[in-house]
Amino acid sequence: MRLLNIRPRGGLAVLLGMIPLLAAGLLYLMASQARHAENPRDKLLPTPTAMVEAVQLMAKVDPLTGHAPLLVDTLASLERIGLALLIATALSLVLGLGLGLLPLLRAKFGPLVAAIAVIPPIAVLPVLFIVFGLGETAKIALIVIGVTPVMVRDLAAHVAAIPEEQLVKAQTLGSSTWQLALRVALPQAMPRLIDSLRLSLCPAWVYLISAEAIAADTGLGYRIFLVRRYLSMDIILPYVVWISLLAVAMDVTLKLVARRAYPWAYPERAR
């Protein structure tokens, strides 16, 4: 049997996916134990016990502020990235449909979108702070600028690849440009838009952490860069894991929504 025909299902698929994670965890435990055997005060690879204690401390309500740092940081980061991705998705849908469906619009604005897409967003972060200040607007704008052009180009290419026969048949039946966009292009664009959004989660989190590290008083990125000066790896590592879990949860949610809403776009082999 060829390898490409082997498709793990159910518990076997879960087991195969867990093996690399368990191996990484085991390697970390071995390395941590070895370092602490030589130096019990080692901070580079904290023990699981130390990380649990640090997380419990961060999850407790601070008597001075009346808030739990972990909860406050998480809510602040999720609010920023959620609003930014909502704006980016709306812009990508409108611009992607327009550029993909209208050759005139694509010829006029396509090169501009392509040029913006290759600009490193981190490089314009100082400009955003100068223009918008150090508040929330600059952080949200960084994420929007970072992910929107790529999503627009991807969606526009997908819409432009819609078979010409579909467009011709719709026009033959009397469809206007708006009807073509809403009834022919939009249903086929939505699954691709969600997939593009899923692929944009990683860079979106990178831009968010970068912005929070430079100018913020709350947020997961802010907390990581705040405690790094004390070499508090027992806080940094759990925060990194927590960010990863949040990103995975967002990705899985979008995947389930896409497959539930548009099952025809995801054949059995791609699941």
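Biologist: Which helix supplies the largest share of the lining of the largest pocket?

Modeller: In this predicted model, helix 1 gives the largest share of that lining, with five residues. Helix 1 spans residues 10-38, and helix 2 and helix 10 join it in supplying at least two lining residues each. The residues that line the largest pocket are Leu21, Ala24, Gly25, Tyr28, Leu29, Pro48, Met51, Leu237 and Val241, and the space in that pocket comes to about 320 Å³.

Biologist: Which residues of the largest nonpolar core touch the most other members?

Modeller: As a general idea, nonpolar side chains tend to be buried together in soluble globular proteins. Here the largest nonpolar core holds 55 residues, and those touching the most other members are Ile81, Leu85, Ile143, Val147, Val159, Trp205 and Tyr239. Several helices supply at least two residues each to this core, among them helix 3 (69-101), helix 6, helix 8 (177-214) and helix 10 (233-261), while the largest share, 16 residues, comes from helix 8. To follow one member in the viewer, select Val147, which touches Leu85, Ala88, Ser200, Ala204 and Tyr207 once residues up to four places away in sequence are set aside.

Biologist: Is Leu220 buried or exposed?

Modeller: Leu220 counts as buried because its relative accessible area is 0%, where the cut-off for that word is under 20%. Leu220 lies in helix 9, residues 220-227, and among the residues it touches beyond four places in sequence are Asp73, Thr74, Ser77, Trp205, Tyr239 and Trp242. The C-alpha atoms of Leu220 and Thr74 are separated by 6.1 Å, although these residues stand 146 residues apart along the chain.

Biologist: Why is Arg223 classed as buried?

Modeller: Arg223 has a relative accessible area of 16%, and is therefore classed as buried under the 20% cut-off. Arg223 is also found in helix 9, and, leaving aside neighbours within four places in sequence, Arg223 is in contact with Met58, Pro69, Asp73 and Tyr239.

Key. Residues numbered from 1 in each chain as written. Predicted model: local features only at pLDDT ≥ 70, side-chain atom pairs only at ≥ 80, totals over all residues. Heavy atoms only, no water. Helix = DSSP H or I, 4+ residues; strand = E, 2+ residues; numbered from the N terminus. Buried < 20%, exposed > 50% of the residue type's maximum accessible area, 1.4 Å probe, protein only. Contact = heavy atoms within 4.5 Å. Core = buried A, V, L, I, M, F, W, Y, C linked by side-chain atoms within 4.5 Å. 1 Å grid on protein atoms, 1.4 Å probe; cavity = no way out; pocket = protein on both sides within 12 Å on 5 of 7 lines; lining within 4 Å. Points joined across faces, edges and corners; volume = space filled by probe spheres on them.
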